[in-house]
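Please open the model in your viewer and keep the selection tool at hand. The tour below goes from stop to stop, saying what to select and what is there.

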Amino acid sequence: MHRLRMKLSPAALAGALLLTGLPLVSACSAPETEQAPALTNVTVFEGARVLVGDGGVIENAILVVDDDRLVAIGGAGSVEVPAGAARVDLSGRTVMPAIIDTHVHLRETRDELVEDLQRKAYYGVGVVLSLGRGSSDMAFQVRDEVIPNAARYRTVGRGITAPEPGRTEIPFWISTEEEARTAVQELAPRNVDMVKIWVDDRNGQFEKLTPELYGAVIDEAHQQGLRVTAHVYTLAGAKGLLRAGLDAFAHGIRDMDVDDEVVELFAERPTVVLVPNLPNPGVATDLSWLSGTIPPDELQQMQERSVDRPAAQEAFGIQARNLARLSAEGVTIGFGTDGGAGWSPHAEMEDMVRAGMTPADVIVAATRNSADLLALDDLGTLEAGKSADFVVLEANPLDDITNTRRIVDVYLRGMAVDRAALSAAWVGAGTQ
């Protein structure tokens with residue numbers, strides 16, 4: 001447990017020791033007139049419904065935060081509140097863990113990258129994983145920083161693909177097994193958070209990675225202690241990757257409905273994580289909830305483009321059915337958006353519910369499961385000892401998943417994100 005880092009009066013010490021479970025000593029008596037000093041690093045949040053992140057719910061909860069750590073959590077009456085701690089009344093609110101987006105592509109300059117991370121934080125995202133860009137030294141420097149009002153940044157560095165001339169030169173282009181292993185060996189010293197591969201012919205434009213090549217990447221990565229996630233398109237590609245020992249999918253299967261064989265392959269590899277990354281559903285949507293981060297004229301243009309599109313609905317339907325079946329079959333579902341917009345996680349969560357998942361399962365996917373995928377032991381669930389990264393909502397997303405958008409406050413590493421200042425900088429204070 002993270003220790004309280006301040007001098008306590010005897011009365012406050014007694015409360016703190018009850019909280020930590022340490023024994024009291026008889027020397028703790030004090031005159032009745034003594035006033036307990038404020039515990040400057042301790043804040044108690046009380047009265048909210050807490051969605052733990054693992055499917056559990058705590059009604060009328062108390063969360064005790066010391067600096068950047070959650071040091072105690074439980075129902076009212078089950079947690080000792082340290083005397084003198086600052087108190088925040090969250091009655092009527094719902095609290096959930098900060099969202100973890102395991103598939104983003106953010107901008108490349110430092111200022112733009114920091115702004116993108118702040119936009120993610122504004123909408124309740126605590127961590128993002130850049131999949132295949134973010135390969136510069138600057139990106140790795142940002143990964144190691146703690147930036148105020150910003151989500152944490154993780155990166156795979158350069159991804160790995162077959163040659164795609166004219167499309168992108170950021171990834172490693174590989175054509176032999178030796179090149180496949182060399183690419184992984186170059187990534188390993190940078191301690192990348194995962195290895196990313198693309199297995200896609202881009203609608204017939206290029207030759208895609210063969211099983212021999214992506215098999216060599218996966219084997220070498222595992223020898224280096226790294227896990228591999230894959231951009232995939234076809235059912236056949238997914239089957240081959242599962243047989244090769246892939247750890248995660250960065251997309252769902254997009255060309256056809258899944259069959260019994262791929263379900264069996266998933267069952268044989270229960271640790272594999274599917275990040276569905278659903279496409280635009282192709283239905284007209286009210287975008288007024290984005291007004292806090294998008295200038296009015298730009299938002300109006302976005303709203304005008306939001307119309308029903310039958311072709312998009314058909315493509316969405318394939319992936320939605322596949323997600324529904326694989327989730328029902330017990331495949332672990334993670335969370336990712338494949339984009340840079342700060343608000344995109346909330347659209348993705350709505351789409352996952354639209355596909356057939358329950359709001360409760362979607363929240364677990366976007367918190368605990370994604371933290372596990374990125375090996376973030378101190379995030380993903382609201383438990384004592386973990387980082388104090390959570391979102392305060394006006395209403396319960398278990399009732400309606402779009403309630404994740406009704407954000408009151410976002411806390412990252414125990415500090416409230418200054419959402420008002422960020423919004424004013426992006427759209428002007430006069431629009432709030």
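Contact here means heavy atoms within 4.5 Å. This is a predicted model, in which local features need pLDDT of at least 70 and side-chain atom pairs count only at pLDDT 80 or more, while totals for chains, interfaces and linings use all residues. Residues are numbered from 1 along each chain as its sequence is written, and side-chain values use heavy atoms, with hydrogens and water left out.

Select R243 to begin, which sits in helix α6 (residues 235-244); helices (H or I, at least four residues) and strands (E, at least two) are DSSP runs, numbered from the N terminus. Beyond its neighbours within four places in sequence, R243 is in contact with E261 and L265, and the C-alpha atoms of R243 and L265, which are 22 residues apart along the chain, lie 7.4 Å from each other. Is R243 buried or exposed? R243 counts as exposed because its relative accessibility is 53%, given that buried means under 20% relative accessible area, exposed over 50%, and partly exposed in between (1.4 Å probe, protein chains only).

Next, select helix α4 (residues 177-187), where A180, A183, V184 and L187 are buried. Viewed down the axis of α4, these buried residues fall within an arc of 95 degrees, so they line one face of the helix; the arc is that of the directions from the helix axis to the C-beta atoms.
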